Amino acid sequence: MVSTLHSPTRRGALGAFVALSLVTGLTVAGHPAEAEAATSPDPVWQTRASISYDALQDHLYTGAAGHGLYRENTNTAEGNPWSFLWEYREATQAALDLQGLPGVGPAYANSARARVDGLENYFAVAPGGRPGYQSYLPAPLGTGGDVYYDDNGVVGLSFISQFHATGDPQYLDRARAAFTIASRGWNADPTLACPGGVDWIDTADNTTRGANVTGLAAQLAAHLYEETGENAYLRFSTQAYDWNESCLKQSPGLYQNSRHDDGTVDPTLWTYNSGAMIATATILYRATDDPTWLTKATDDARGSLAYWGAEGRLQQQPAIFNSFYFKDLLLLDSVQHDPAYRATIQEYADATWRDNRDPATGLFHFQPSGGGDYLPERPAATLDQSAMVQIFAALGWSSDRLGQIS
């Protein structure tokens with residue numbers, strides 16, 4: 001998914017801060033620190049989120065004439081006329097995260113609602129009656145695409161976000177429907193090495209079960225259990241969490257990318273795989289009051305921060321993966337405060353605003369991987385711009401609302 005990464009050039013101080021916080025014991029696993037008193041964050045984050053969203057809309061949104069969709073990037077001479085589902089979902093989540101900003105959030109409510117409703121442009125029922133959000137727009141707008149189970153999992157998380165923001169039960173129902181699609185990928189073939197896990201794609205020739213797709217499905221199921229109390233969601237969430245932990249965990253907070261049906265493992269590490277496990281355990285702790293889950297979330301947060309906060313590794317990760325990871329850390333922070341979480345995110349956000357943004361357009365430019373050093377000749381991408389909006393917006397949320405982040 002991600003091409004050759006580039007050598008680190010900055011962020012040395014962050015690793016030292018994270019290491020210090022881990023050594024000095026700013027939190028104690030299994031023993032929640034008192035919740036941080038509700039605080040209003042520095043308004044700089046709200047401003048940066050709004051400016052970056054305006055740039056997204058000015059340069060990458062197609063408007064009513066373009067069915068309210070987005071382009072993949074600013075290069076209009078090549079590629080599809082509209083983005084894939086993944087890019088559209090992340091632009092949708094950007095609007096949803098802006099909706100959570102104190103004071104100005106209601107100004108984004110109409111945009112958030114329109115983006116969420118626009119997800120249905122990607123929905124279709126395939127021959128044989130298998131519904132799903134397809135990777136590209138089905139007819140009449142496009143030629144359609146495969147159903148990726150991780151795409152459907154994150155679509156469900158956006159429905160959860162809109163449910164938290166509005167209380168409208170239709171969005172909870174839509175999250176349930178997205179989970180039904182995502183959980184369809186559970187692979188129970190007992191002949192496989194490490195049976196279980198969620199398949200990546202809804203195709204007969206799929207041979208990959210991933211930490212991302214399994215962890216995101218677990219996270220969505222945990223949210224649904226918390227909202228409904230239905231034990232089927234709890235069973236799935238714990239089953240999927242346990243599979244990642246048993247079959248792909250490298251060390252606390254670090255999960256290998258995927259396991260293939262031939263028994264081989266892709267050992268690549270990504271920040272959002274760390275994040276999905278932190279978020280799932282955090283939500284299950286809230287929903288069950290079982291402190292074991294908090295211990296797991298905290299251990300994974302500490303282990304992942306010690307790794308990702310060193311040697312410029314966060315900069316080299318795709319910005320969109322970091323947006324997942326950072327919001328999952330803030331979700332944990334809402335139940336067990338640790339200043340290392342926000343310090344990590346702010347360090348990255350400040351440096352990326354300074355080093356990867358074109359002030360003339362407000363657009364962020366990264367390497368082809370979606371991370372790394374500034375590369376102005378690479379077209380600005382909806383995925384990358386949406387990631388930065390999400391990060392800035394999450395930093396702009398008041399601390400008493402972080403428990404609603406998804």
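The predictor's confidence in each residue is expressed as pLDDT, on a scale from 0 to 100. In this predicted model the chain averages a pLDDT of 91, and 90% of the residues score at least 70. Over residues 1-36 the pLDDT is below 50, yet this stretch has 81 contacts beyond near neighbours in sequence, a contact being heavy atoms within 4.5 Å. Because the model is predicted, local features need a pLDDT of at least 70 and side-chain atom pairs count only at 80 or more, whereas totals for chains, interfaces and linings use all residues. Residues are numbered from 1 along each chain as its sequence is written, and side-chain values use heavy atoms, with hydrogens and water left out.

A search of the whole structure finds 23 aromatic pairs; rings of Phe, Tyr and Trp (its six-membered ring) pair if their centres lie within 6.5 Å, and planes under 30 degrees apart count as stacked, over 60 as edge-to-face and the rest as tilted. The pair of Trp86 and Phe321 is tilted, because the ring centres are 6.2 Å apart and the planes stand at 40°. Trp86 lies in helix H3 (residues 85-99) and Phe321 in helix H12 (residues 319-333), so the pair ties together parts 235 residues apart in sequence. Helices (H or I, at least four residues) and strands (E, at least two) are DSSP runs, numbered from the N terminus. Trp86 is partly exposed at 22% relative accessibility, while Phe321 is buried at 1%; buried means under 20% relative accessible area, exposed over 50% and partly exposed in between (1.4 Å probe, protein chains only).

Tyr272 and Phe324 form an edge-to-face pair, with ring centres 6.0 Å apart and planes at 70°. Here helix H9 (residues 271-288), which holds Tyr272, is tied to H12, which holds Phe324, across 52 residues of sequence. Both Tyr272 and Phe324 are buried. Together with Trp270, the residues Trp86, Tyr272, Phe321 and Phe324 form one aromatic cluster.

The expected span of a helix is 1.5 Å times one less than its number of residues. For the 18 residues of helix H2 (residues 43-60) this gives 26 Å, in agreement with end C-alpha atoms that are 26 Å apart. Helix H13 (residues 339-355), with 17 residues, reaches 24 Å from its first C-alpha to its last, close to the 24 Å expected. The N-terminal end of H2 is capped by Asp42, which has a side-chain oxygen 2.9 Å from the backbone nitrogen of Val44. Asp338 likewise caps the N-terminal end of H13, with a side-chain oxygen 2.9 Å from the backbone nitrogen of Ala340. Buried residues of H2 include Trp45, Arg48, Tyr53 and Leu60, and their cover includes H3, helix H4 (109-118), H13, strand E8 (363-364) and helix H14 (382-396). Among the buried residues of H13 are Arg342, Tyr348 and Trp353.

Gln256, found in strand E5 (residues 254-260), is buried with a relative accessible area of 18%. Not counting residues up to four places away in sequence, Gln256 touches several residues, including Ala211, Leu248 and Pro267. Pro267 lies in strand E6 (residues 265-269) and is partly exposed at 48% relative accessibility. Beyond its neighbours within four places in sequence, Pro267 is in contact with Gln250, Gln256 and Asn257.

How values were computed
A polar contact is a pair of N or O atoms within 3.5 Å; within protein, one must be able to donate a hydrogen and the other to accept it, and residues adjacent in sequence count only if both atoms are side-chain atoms.
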